[in-house]
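Subject: Handing over a structure for you to look at

Dear colleague,

I am passing on the structure below, and I would be glad if you opened it alongside this message. After it I go through what was found, one region at a time.

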Amino acid sequence: MFLVCIPLSVTAADVATASSVQLKVKPVLCIIDRRTPSCDMDFLIAWQSPVLGYYCLHNPFVAVPLRCWSEADAGQHEERRIVEKGFMFWMTAEGSDEPVAAVEVEVMTSDTPDRRRKRRTRHVWDIL
Amino acid sequence: MLRQFTRAIVLLLAPLVLDAEETTVLSAPENANLGVIDAAASNWRIGMALGYGVRTNPLIQSADIPIIVDLDIAWFGERFFFDNGDLGLTVADNEWLTFSAMTRFNSDRVFFGRTDTRFVRLNAGTANQIDVQVTVPDRDYALELGAEILSDGDWGQLQLAAFGDVSATHGGYEVSASYSYGMRQQRWYLEPSIGASYRSGKLNNYYWGVLPEESNPALPAYEAGAGINVEFRLMGSYQLTSNWTLSVVAEVERMNDAAAASPIVADDYVTGFFAGFGYRF
């Protein structure tokens, strides 16, 4: 038999950081061009932790958390947002502002002012 | 063979496709506000597509050209650029058009590298029966110098080019025009295009003619005149991640009548297709 002692000062953040909270976001890629300069995205955000605790979901657009869960080890959140630039969703655990998980939403432009990058070569071996 | 290859590709890339929408990045969001990824920010454009495709070979006694890997290596400076074998010097670039002086290799030679020799029996069963060796004549790459005009807008993209031989290989020239219109719906992209190219008699005759000294009773001499090739192309892609793309392309080119009538040409059309995963570095 093993006796496991956990100091009372250990917070959910300490445990969560060590045990890797999983955060998943769909979708994570937006492609813009001059005809469509932004993406209207419906995000489905899901997180899971092996440790019960107090967790909050953040993005950089509001100073307060998007949503918090108490005594939870999993959660889901849906958010609709017009996206023009990349940003991150991240989770924090009780007692700390340090992120315990983060997911990047990427925004890519398919436009280039350099027309030469869109030219086609006419070689037998090139097809794309 | 094709089925095994396709299965290997699918097994190799399945995790990538399945995870494409749920990438987890475990890092502190010190810069939670990110910018826009612009692949054109670098002078280099380096990519590779791996998949399966074929370009048919219009020559007699020839094998089609398999396309397993399509490399994309290009560098774009303010004036000079290199684009997959083409070398350019941009002399004008404004809101209407981009004009460049260009050099390139004419790649029709590739078709001639995949032919074989056969023997044809003439007058079989008669006293004059003879076996004649039929070999598709060899042709060289030609170094060509020319000019190219690019223009684009909401109406689509236009590419005009004229190239002439400077390597004393065929001594002819080609003038081409192509138009494409790209349509994007988020990650989906569809681009139909149409093009035509006028090939001078000298160019056509070098590649698709048969010289008297190359002829024999089974392969008559043939002189090809000038003509116009027409091509259609449809390309579709799905952006899996910022680096990975799934692409499918199909194209067909109708050879000009003068070339199509050559005794070394078996098919009037050159078709091509490719489906595969592309990675851009």
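A polar contact, as the term is used here, is a pair of N or O atoms within 3.5 Å, of which, within protein, one must be able to donate a hydrogen and the other to accept it. Please keep in mind throughout that this is a predicted model.

Is B:H170 buried or exposed? Its relative accessible area is 7%, and because buried means under 20%, B:H170 counts as buried. If residues up to four places away in sequence are left aside, B:H170 touches B:N106, B:A142, B:E144, B:D165, B:K202, B:L203, B:Y206 and B:Y207.

The next topic is the interface between the two chains. Here 85 residues of chain B are in contact with 54 residues of chain A. The size of an interface is often given as the accessible area lost when the parts come together. For chain B and chain A this buried area is about 5,700 Å², with carbon and sulfur atoms giving 50% of it. Across the interface of these chains there are 22 residue pairs in polar contact, counting pairs with both residues at pLDDT 80 or more. By class, the side of chain B that touches chain A has 33 nonpolar, 29 polar and 23 charged residues. Between chain B and chain A the count is 11 salt bridges, and A:R119 forms a salt bridge with B:D86, where the closest N and O atoms are 3.0 Å apart.

Within chain B, strand β2 (residues 44–55) runs antiparallel to strand β3 (residues 65–76), and 10 bridges join them; B:A49 stands opposite B:D70 in β3(B). Three bridges join β3(B) to strand β4 (residues 80–83) of chain B, again in the antiparallel sense, and B:A74 stands opposite B:D83 in β4(B). Three residues lie between β3(B) and β4(B), which form a hairpin.

How values were computed
Residues are numbered from 1 along each chain as its sequence is written. Chains are lettered from A and ligands numbered from 1 in the order in which they are written. This is a predicted model: local features need pLDDT of at least 70, side-chain atom pairs count only at pLDDT 80 or more; totals for chains, interfaces and linings use all residues. Side-chain values use heavy atoms; hydrogens and water are left out. Buried means under 20% relative accessible area, exposed over 50%, partly exposed in between (1.4 Å probe, protein chains only). Contact means heavy atoms within 4.5 Å. Buried area is the accessible area (1.4 Å probe) that two parts lose on being put together, summed over both. A salt bridge is a side-chain nitrogen of Lys or Arg within 4 Å of a carboxyl oxygen of Asp or Glu. A polar contact is a pair of N or O atoms within 3.5 Å; within protein, one must be able to donate a hydrogen and the other to accept it, and residues adjacent in sequence count only if both atoms are side-chain atoms. Ala, Val, Leu, Ile, Met, Phe, Trp, Tyr, Cys and Pro count as nonpolar, Asp, Glu, Lys and Arg as charged, and the others, Gly among them, as polar. Two strands pair if DSSP finds at least two bridges between them. Helices (H or I, at least four residues) and strands (E, at least two) are DSSP runs, numbered from the N terminus.
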